[in-house]
Amino acid sequence: MPSPSQIRPEPLISSPITRRTVLKAGGTLLLSVFAPMSAMAAQILAVRVWPAEDYTRVTLENDSILKATHFIVKDPERLVVDIEGLELNPTLKGLVAKIQSNDPYIKQVRVGQNRPNVVRLVFDLKEEVTPQLFTLPPAGSYNHRLIFDLYPVREPDLIAQMIEKGDWSSDPAKPPMAGTHTPPPALPLPESGKPPVAAVAPPAAPIVPLVPDVRPEQRPEARPLPGQKVVRMITIALDPGHGGEDPGAMGSRGSREKDVVLAIAKRLKTKLELQPNMRVMLTRDADFFVPLGMRVEKARKVQADLLVSIHADAFIQPTARGSSVFVLSEKGATSTAARWLANKENQADLIGGVNVKNHDKQLASVLLDLSTTAQINDSMKLGKAVLREIGGINRLHKGSVEQAGFAVLKAPDIPSILIETAFISNPEEEAKLTDNGYQDQMADAIVTGIKNYFAKNPPLAKSRLT
């Protein structure tokens with residue numbers, strides 16, 4: 001038998017169909033058969049674009065892991081991305097048509113075969129961006145994903161954005177510094193007509209709200225006169241769950257949790273802002289994904305007095321029904337169902353897609369176990385006030401506020417609740433959730449619960465967080 005050094009390969013035989021290497025060894029033919037080169041290229045299965053003020057995300061869903069490199073070209077601003085192991089296909093070409101004219105950061109995209117097995121994407125940009133490229137393993141209903149996140153170079157000032165939208169007073173009268181006296185908010189009387197528990201005698205001088213109950217263009221310059229006092233404005237962070245790549249739970253009729261809760265949150269925002277001393281920040285106001293830690297961070301940046309996260313979950317059994325309110329637990333969930341739900345909601349980052357390299361930095365200052373007993377106690381009071389009102393419009397899944405380790409409730413200095421408005425997996429409740437009347441009733445109930453909470457628990461003075 002010949003030694004391995006005596007085995008000589010025959011000339012390479014190539015064809016459009018296969019590539020074969022034929023070896024002779026003692027009269028025996030050894031064939032190594034490879035798939036065609038074109039079949040080895042990864043296949044793009046879907047392309048999606050999620051434009052938002054926070055950032056624009058471009059997602060390429062594919063059947064295998066892709067390797068990409070990128071660089072920025074100046075004058076004009078362009079982002080160039082080269083993706084290896086890829087051949088241009090109609091799905092990827094469809095990315096061009098998915099760029100919207102109102103995208104804050106992308107003018108247009110050009111797609112082409114740069115060289116064999118390398119596709120080049122050129123994004124013409126509207127302004128300078130900081131791109132983040134990363135891959136995600138299969139999660140939920142998604143295959144492998146290659147993500148491009150285009151962030152503005154200068155991080156947006158959330159308070160400045162609210163001023164621009166008319167949601168925040170630009171009056172020089174700032175929120176008082178910690179340690180100064182702050183009068184309780186001017187809240188309407190309860191339906192009973194009796195004064196709220198925390199009510200105090202009216203001050204001798206009139207109160208001038210920072211944000212009168214009128215549209216921004218109708219507002220006079222409200223500056224306190226000598227002797228006048230300023231109402232302590234209440235800032236509420238509303239957090240519509242899921243969004244973008246993460247649709248949340250799905251109903252049997254095709255309803256998506258991310259759409260339902262955004263609609264309810266927008267109704268709730270409008271109703272809260274009818275109060276003369278309340279202003280609202282939405283963690284997302286459109287269909288895009290916000291990581292759990294960033295939701296908390298946004299609430300802290302605007303010095304929110306409350307964080308209300310809104311959901312419409314599903315259960316393994318379609319018979320599950322009812323509304324619920326949850327607060328954070330330091331010691332563990334109050335029920336198996338609460339633990340299951342918290343674990344499920346905490347997986348949102350896996351499905352929505354987070355850049356792990358930056359994710360740890362975001363979590364470092366927020367999602368450590370910094371929550372205090374006082375925060376949880378205040379959250380329980382808020383939760384009970386809201387649950388009582390929600391019980392008037394829908395059956396309650398459980399008659400008391402539940403607790404579990406929800407990541408989005410871990411702001412150490414903000415009372416925070418998570419509301420499950422109904423089970424979207426229940427056909428009857430799915431119909432409610434998509435009904436304008438029910439959404440309106442749910443928003444009204446939450447507003448009343450929040451007002452009742454503040455009537456008994458006036459907000460404390462806060463210094464601006466840095």
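Which residues form one aromatic cluster with Tyr151? Tyr55 and Phe288 do, so to speak, by the ring rule: rings of Phe, Tyr and Trp (its six-membered ring) pair if their centres lie within 6.5 Å, and planes under 30 degrees apart count as stacked, over 60 as edge-to-face and the rest as tilted.

Before I continue, please note that this is a predicted model, in which local features need pLDDT of at least 70 and side-chain atom pairs count only at pLDDT 80 or more, while totals for chains, interfaces and linings use all residues. Residues are numbered from 1 along each chain as its sequence is written, and side-chain values use heavy atoms, with hydrogens and water left out.

Let me stay with the aromatic rings. The structure holds five aromatic pairs. One of them joins Tyr55 and Phe288 edge-to-face, at 6.4 Å centre to centre and with 90° between the planes. This pair links distant parts of the chain, 233 residues apart: Tyr55 is in the loop between β4 and β5 (56–62), and Phe288 is in the loop between β15 (278–282) and α5 (292–301). Helices (H or I, at least four residues) and strands (E, at least two) are DSSP runs, numbered from the N terminus. Tyr55 counts as buried because its relative accessibility is 5%, where buried means under 20% relative accessible area, with a 1.4 Å probe and protein chains only. Phe288 is buried as well, at 2%.

I turn now to the sheet. Four strands form an open sheet in the order β4-β5-β11-β10, with antiparallel pairing; two strands pair if DSSP finds at least two bridges between them. β4 (44–50) and β10 (129–136) stand at the edges with a single partner strand each, so one side of each has no neighbour in the sheet. Strands β10 and β11 (residues 144–152) run antiparallel and are joined by eight bridges. Val129, for example, has Pro152 in β11 as its bridge partner.

Finally, the cavities. A cavity is a set of points on a 1 Å grid over the protein atoms alone where a 1.4 Å probe fits but cannot get out, and its lining residues have an atom within 4 Å of a point. There are three cavities of 30 Å³ or more. The second largest cavity has 14 lining residues, and Leu292, His311, Glu345, Ala348 and Val408 lie nearest its centre. Elements α5 and β16 (306–311) each give two or more residues to this lining.

Technical notes:
Buried < 20%, exposed > 50% of the residue type's maximum accessible area, 1.4 Å probe, protein only. 1 Å grid on protein atoms, 1.4 Å probe; cavity = no way out; pocket = protein on both sides within 12 Å on 5 of 7 lines; lining within 4 Å. Points joined across faces, edges and corners; volume = space filled by probe spheres on them.
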